[in-house]
Amino acid sequence: MSVYTELSLDEIRAFAADHYGLAVTGCEPIASGIENTNYFVRGDDGREFVLTLFEELNAAEAAFLPPLLQHLHRQGVPVAGPLTAKDGRSLLTLRDKPVQLAPRILGGHPSPVSTAHCAAIGEALAKLHLALEEYPLHRDNAHGQEWWEAEANKARKAMNKTDQLLLETILEDFEETVEDYEDLPMGLIHGDLFRDNTLFEGDELRAILDFSEAGEDYWLLDIAITINDFCSAWPSVKLDQDLYHAFLRAYNNLRPLTADEQEALPAFLGMAATRFWLSRLSVAARNAAEGRSGEAVTQKDPNEMKRMVAARMMGE
Ligand SMILES: Nc1ncnc2c1ncn2[C@@H]1O[C@H](COP(=O)(O)OP(=O)(O)O)[C@@H](O)[C@H]1O
Ligand SMILES: N[C@@H](CCOP(=O)(O)O)C(=O)O
């Protein structure tokens, strides 16, 4: 689990009382996050909340999130909008880090994924893209093309020849694709729509979580990121054709992919897997450098993504 900043019940209790007028009776660290420190928090009236301490974003960067979530909520996209504190702010500071309290949404990460889950997430992603079409606030994708090219330069030095070739091939394929199809639609994207950033009850999508990666980029990148995780035939990293088609049918129903997007999708699937191959390598290197290890830190496997990159390159 990832709890980078350990908070005591007394500290959470004082924070919730001072800022939200909430009487807290218990808290529990959340075992599954990667980037932020999260705690489930129980109120004396039985309500439950999630306290998120942003570990990577500064206050200015994190301030983008509450209005975004409130907008999506109003547009009918299922998200957990942060609570407003007594002083009207939705983002506060604790231990010198940005912090928010949001309602706990019931549900679990879908596993195994069904065609119904893929249809639900496909529809929700199209709704999210359309809901943000006219959204006035902008933010660059911090892990878009510029980032992954810089990251690839660092990562390739430690790679064997085969991995270097795989990386170069995918990067070149992507660059050629975006040159060939220069009008691919763009907008604000979620940027990290994995199963573990969703909550389902049965087939029903209850919440899309964790908008830390939201930023301006190709809609198709968001689609590819989501397909890669939702529509793979885990533990195999190959695409499951039933899941894939269920996702695309539902997405297309609300926002039909352009002809160029359909042509470009295979290159984006490879690039989306590469983006997470690189970020997982980077997280592993940082954890090693900072001596973060053991039970308190969740580390996802870069090799899983590398295998997916190779599969997507083979059209699988
Ligand atoms: N509002 C919420 N309701 C219920 N569970 C939540 C909520 N927010 C976060 N979680 C749980 O916490 C986990 C980690 O949250 P996430 O925002 O993905 O953190 P990180 O960015 O550190 O990975 C999620 O996978 C989910 O299980
Ligand atoms: N989805 C990323 C990791 C980001 O973790 P999150 O818990 O912040 O969503 C990956 O799979 O590498």
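Is Glu263 buried, exposed or partly exposed? In this predicted model, Glu263 is partly exposed, because 14 other C-beta atoms lie within 10 Å. The scale behind that label calls a residue buried if 20 or more other C-beta atoms lie within 10 Å of its own, exposed if 12 or fewer, and partly exposed in between, with C-beta atoms placed from the backbone. Residues are numbered from 1 along each chain as its sequence is written, and chains are lettered from A and ligands numbered from 1 in the order in which they are written. The model being predicted, local features need pLDDT of at least 70 and side-chain atom pairs count only at pLDDT 80 or more, while totals for chains, interfaces and linings use all residues.

Glu263 sits in helix 9. Helices (H or I, at least four residues) and strands (E, at least two) are DSSP runs, numbered from the N terminus. Along the chain, Glu263 and Tyr181 are 82 residues apart, yet in space their C-alpha atoms are 8.7 Å apart. Gly270 belongs to helix 9 too, and it counts as buried because it has 27 C-beta neighbours inside 10 Å. A gap of 43 residues in sequence lies between Gly270 and Met313, whose C-alpha atoms are 6.2 Å apart in space.

Now for the way the helices pack. Helix 9 (residues 259-289) and helix 10 (residues 302-313) have axes 8 Å apart and an angle of about 160 degrees between them. That angle makes helix 9 roughly antiparallel to helix 10. Here axes are lines fitted to C-alpha atoms, for helices over the stretch in contact, and angles run from 0 to 180 degrees between N-to-C directions. Angles under 35 degrees count as roughly parallel, over 145 as roughly antiparallel, 65 to 115 as roughly perpendicular and the rest as oblique. Helix 10 has another partner in helix 6 (residues 161-180): their axes come within 11 Å and cross at roughly 55 degrees, so helix 6 and helix 10 are oblique to each other. The crossing of helix 9 with helix 10 is left-handed, and helix 6 passes helix 10 in a left-handed crossing as well. A crossing gets that name if the near helix is turned anticlockwise from the far one by less than a right angle, and is right-handed if clockwise.

Next come the ligands. Around ligand 1 there are 19 residues, the closest being Gly33, Glu35, Asn36, Ala80 and Asp210. A residue is near a molecule or strand if its C-beta atom, placed from the backbone, lies within 6 Å of it. The ligand 1 shell splits into eight nonpolar, seven polar and four charged residues. In this sorting, Ala, Val, Leu, Ile, Met, Phe, Trp, Tyr, Cys and Pro count as nonpolar, Asp, Glu, Lys and Arg as charged, and the others, Gly among them, as polar.

What is the phi of Asp210? Asp210 has a phi near 60 degrees, a positive value in a residue other than glycine. It sits in the loop between strand 8 (204-208) and strand 9 (215-218) and counts as buried, because 24 C-beta neighbours lie inside 10 Å. Asp96, in the loop between strand 4 (92-94) and strand 5, has a positive phi near 65 degrees. With 8 C-beta neighbours inside 10 Å, however, Asp96 counts as exposed. Most residues other than glycine have a negative phi, and most peptide bonds are trans.

Two cis peptide bonds can be picked out. One joins Ser111 and Pro112, with omega about -5 degrees, and Pro112 falls in the loop between strand 5 (97-103) and helix 4 (115-131). Another joins Trp234 and Pro235, with omega about 5 degrees; Pro235 is in the loop between helix 7 (219-230) and helix 8 (241-254). Ser111 also pairs up over a distance with Asp196: they are 85 residues apart in sequence, and their C-alpha atoms are 9.7 Å apart in space.
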